[in-house]
Amino acid sequence: MEYHMKDKVVIVTGGTTGIGREAALLFAKAGAKVVVAGRREIEGNETVAQVRQAGGVCLFVKTDVSQSSEVEALVEQTVRKFGRLDMAFNNAGIEGNWVPIVDQTEADWDRTIDINLKGVWLCLKYEIRQMLSQGHGGAIVNRSSICGHVGSATAATYCASKHGVMALTKSAALEYARNGVRINDVCPGAVQTPMGDRLFGEPDVEKRIRAMHPMGRFAMPQEIAEAVVWMCSERASFMTGQSIVLDGGFLAGPNPPD
Ligand SMILES: NC(=O)c1ccc[n+]([C@@H]2O[C@H](COP(=O)([O-])OP(=O)(O)OC[C@H]3O[C@@H](n4cnc5c(N)ncnc54)[C@H](O)[C@@H]3O)[C@@H](O)[C@H]2O)c1
């Protein structure tokens, strides 16, 4: 699909690896100037190099999305460098510690919620403020998960954070629909990324998780990034407050046995 994002500027958080890196590349191929935000400088600069190699324009801004001052500075640096902000993919997240609730620690709850939920809230706050000041609307995609739709034993904190992202998406979309700022989220099943490897890399776990996806495989990061770029594009111009689920059939119903 051809996009016309020339002169558009996008922020991709967690663009140092995985789905964020793929999205940065696709936005750049669509013509957008890309600001990659993340905590890890080496991986961030690798994404910048890959985008430049593909002919794109890219800047890395070291950012911890759970810190208000750093998210505010991310938007400021974006505007200082490229003059505007049109789109954002609020993708940064962690899995936290997947153990039963009675074994979960308060510190892990705080860290997971701070990054996955407060981080998205902070991004929305400063991104939307900038978009409103420009007066031309904008498009934002937040990163949720199938864990935003259903619970998962041992992943209560992660699921709570991803359900929260969907609530933020709908509420923000309602607040800014009349200003032309569209806000949606994307909810993948298991994706082949560093996080996917950490969570599902053990052969028996991988086999079980594959079997829970009727298509019998994990998503590739590009399959998620494609949807994100489309949601941010003019082609999705009447879509706001919605989720796209990309899960190989996971949420469609019980997977028939082989
Ligand atoms: N991989 C999966 O199976 C899967 C499924 C559904 C949803 N998700 C979600 O997708 C998003 C991206 O994950 P991924 O699979 O690409 O894994 P990943 O671990 O490769 O990417 C996550 C990125 O977020 C960054 N990040 C983490 N904490 C941050 C912080 N405080 N500030 C800035 N950046 C931070 C990491 O450095 C990394 O670059 C996450 O929100 C995750 O919850 C992943």
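Two strands are taken to pair if DSSP finds at least two bridges between them. Helices (H or I, at least four residues) and strands (E, at least two) are DSSP runs, numbered from the N terminus. The model described here is predicted, with local features needing pLDDT of at least 70 and side-chain atom pairs counting only at pLDDT 80 or more, while totals for chains, interfaces and linings use all residues. Residues are numbered from 1 along each chain as its sequence is written.

S1 (residues 9–13) runs parallel to strand S2 (residues 33–38), and five bridges join the two. Within S2, Val36 is the bridge partner of Val12. Between S1 and S2 the chain passes through helix H1 (residues 18–29), giving a right-handed β-α-β crossover (with the strands pointing away from the viewer, the path from the first strand over the helix to the second runs clockwise). S1 also pairs in the parallel sense with strand S4 (residues 87–90), over three bridges, and here Val10 has Met87 as its bridge partner.

In a regular strand, side chains alternate between the two faces of the sheet. Both faces of S1 are covered, with Val9, Ile11 and Thr13 buried on one side and Val10 and Val12 buried on the other (buried: 20 or more other C-beta atoms within 10 Å of the residue's own, with C-beta atoms placed from the backbone). Because five of its five residues are buried, S1 is largely enclosed by the rest of the structure.

Key. Buried ≥ 20, exposed ≤ 12 C-beta atoms within 10 Å, placed from the backbone.
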